[in-house]
Amino acid sequence: MASKLELRVFSGVDYTVFACVLLISCGIGIYHALSGGRQKTSGEFLLANRNMNPVPVAVSLVASFISAITFLGTPAENYLNGCMFWLYGFAYSITGVITSRTFIPLFFRLNITSAFEYLELRFNKVLRICGMLTFFLQMIIYMGIVIYAPALALSAVTGLHLWGSVVAIGLVCTFYTTIGGMKAVLWTDVFQVTIMISGFLALIIAGSMRMGGIGKVWEVAEAGGRIDFFNFDPDPTVRHTFWSVVIGGTFTWSAVYCVNQAQVQRYLTCGREPVAQFALFLAVVGMVIVVSLACLAGLVMYANYAGCDPFTLGYVDSSDQLVPYFLMDLFHESPGLPGLLVSAVFSAALSTVSSGLNSLAAVTGEDIVKTISPDIEEEKYTKITKALAAGYGILCIGMAFVASLLGDVLQAALSIFGMIGGPLLGLFSLGIFFPWANSKGALTGLICGLVFSFWIGIGAQFYPPPNPNKPLLSIDNCPNVTEASLNATFYMTTELPYTMAKEPERPHVAQLYAVSYAWYSAIAWLTVIGTGLIASFATGYTEPSEVDPRLLCPVVDAMYCCLPEKWKGPLRCGAKKYEPGDDQEKVVTMKETEEYKSEQDGQGAFSQVVTDGDPPAYDEAVDQLTKL
């Protein structure tokens, strides 16, 4: 194994390959800025004119939230703690079913651009603004992590200045997102995910060949206690168990794929509900493949370093640098290949940040700009949304400094999803599944959910929950390791537990902070639902029959469609059944606004139609009226 100093070298070929990857991403943005409608309308800039093919949308859904975090964090997680993280594949599948059956139909039914428009329709404008601000907080912090993670990787293996890398990532991403809009975001995601998967495959294949095959890798990992899928411990303080990963993970990823604006916006680019559902199905398959490759890469890395752990030796400063270290260890004698594979980490970050910038611009435009100036000209509005995307890009570069203080990038990212995404999922769920909820209850629930989840999350920073790693790897087989290094390592591994035992006794409340981060989202969701319903009933609950059925999605209709109607009726708890025809009734309002005149051919016509719905439904209604 090469030494630490030998690995911190990029050749001229590596830099050239790396630069080419960045130029291709920028080129995709320039192409979409000059082709088609040239991003002159908000519909094209934010929603790609709602006519995207489901395949690039599916790839973008995969890239948006499991990119750089997956590339760096998941293999390191498997290296240190075993492959329980692999079970997130089940959580992805469950999340896909919930999203496609409940949330996607609702958003297409309402034909909205910002997901938070729903909150105003269901409750009031105050809830819309609160939901929007919660989303802002989540995305700004999260994108700071995503920008910082690959910059950390680059600094570890190339010697580039950490903050110079942060600025480079932020500026490149901001450039092509601002000029190319949603189409550029989607197609750069396809390019970048291709590089990311190629990177995983290269690590797995080359690392396995060094060990003598994947069978040998599995054998070494099993001997080291890294193969463990059957931990059914119900204790919520255990970091990863079957229950925390599958059930807690379902809530965590539902907060991402059900209600996060970045994902909702991608569904809407498909134009039609069945196309969006198909794209999500492909995305679930892609997410399972990516997490499998990431976990397998971690096991291969473990097998290679089972006798010479670079983390114990101090060759890397944090677990997030293990993957780039392994990458350079395998390919440092192959000019160009390290540059391509480090670009995989870089590209993964670009895909996530670009989707976040576009979604933040959409939410700000729809929920703030159009609220202040509802009659704003389309051309001016489009320019404002582009400026917003650029501004958020600069802001996220600054947030990368905050991310540098959060420690492990994988756990930090998923904790943010739980602490902020969980309450947001609870707010939408309160409106969609519980017809009794009113605006006072929804606001109370959101505040309680955020306060409680931040209390736990911040408390865990002061009183970190115990997280005993699997048995550490040895350094017995390391070449050129001096006796002094071995003594230092022995001191570190034997004295550290003793030192930790001397820490002041933890207060009783710290037991609450010991709960696994995987449960954050589920806890927040339950808090919002529980306190929201209590407050709603205490302040005068909403009559279910008075709620517009377009704004509800009873679980019985979404998940138990085969039940007879006589059973489903009572299970709707008094809410009206949604019928597709309800949309048409809302779209076209005749009464006194319609004037009919007789023509020689006997066909009826109309002179004015008032609409409050979407253009496709309007056109359909027009066709029906002209046939009268």
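**Ground rules.** I am working from a predicted model, where local features need pLDDT of at least 70, side-chain atom pairs count only at pLDDT 80 or more, and totals for chains, interfaces and linings use all residues. Residues are numbered from 1 along each chain as its sequence is written, and side-chain values use heavy atoms, with hydrogens and water left out.

**Helix H17.** I looked up H17, residues 378-403; helices here are DSSP runs (H or I, at least four residues), numbered from the N terminus. At 1.5 Å a residue, its 26 residues should span 38 Å, and the end C-alpha atoms are 37 Å apart, which agrees. That expected span is 1.5 Å times one less than the number of residues. I also noted a bend of about 25° at Ile397, taken as the angle between axes fitted to the seven residues ending there and the seven starting there. Ile397 is also one of the buried residues of H17, among them Tyr381, Tyr392 and Met399. Buried means under 20% relative accessible area, exposed over 50%, partly exposed in between (1.4 Å probe, protein chains only).

**Core.** Next I checked the largest nonpolar core, which has 167 residues; Tyr88 and Phe428 touch the most other members. Helix H13 (residues 273-304) gives the most to this core, with 19 residues. The core is a set of buried Ala, Val, Leu, Ile, Met, Phe, Trp, Tyr and Cys residues joined through side-chain atoms within 4.5 Å.

**Salt bridges.** I find eleven of them in the structure, each a side-chain nitrogen of Lys or Arg within 4 Å of a carboxyl oxygen of Asp or Glu.

- Glu44 pairs with Lys183, the closest N and O atoms being 3.8 Å apart.
- Asp329 pairs with Arg210 at 3.4 Å between the closest N and O atoms. Here H15 (residues 322-331) is linked to H9, the two residues being 119 residues apart. Asp329 counts as buried because its relative accessibility is 3%, whereas Arg210 is partly exposed at 42%.
- Asp548 and Arg550 meet at 3.2 Å, N to O. I get 18% relative accessibility for Asp548, so Asp548 counts as buried, and Arg550 is buried at 18%.
- I also found Glu120, Lys125, Arg128 and Asp367 linked in a network.
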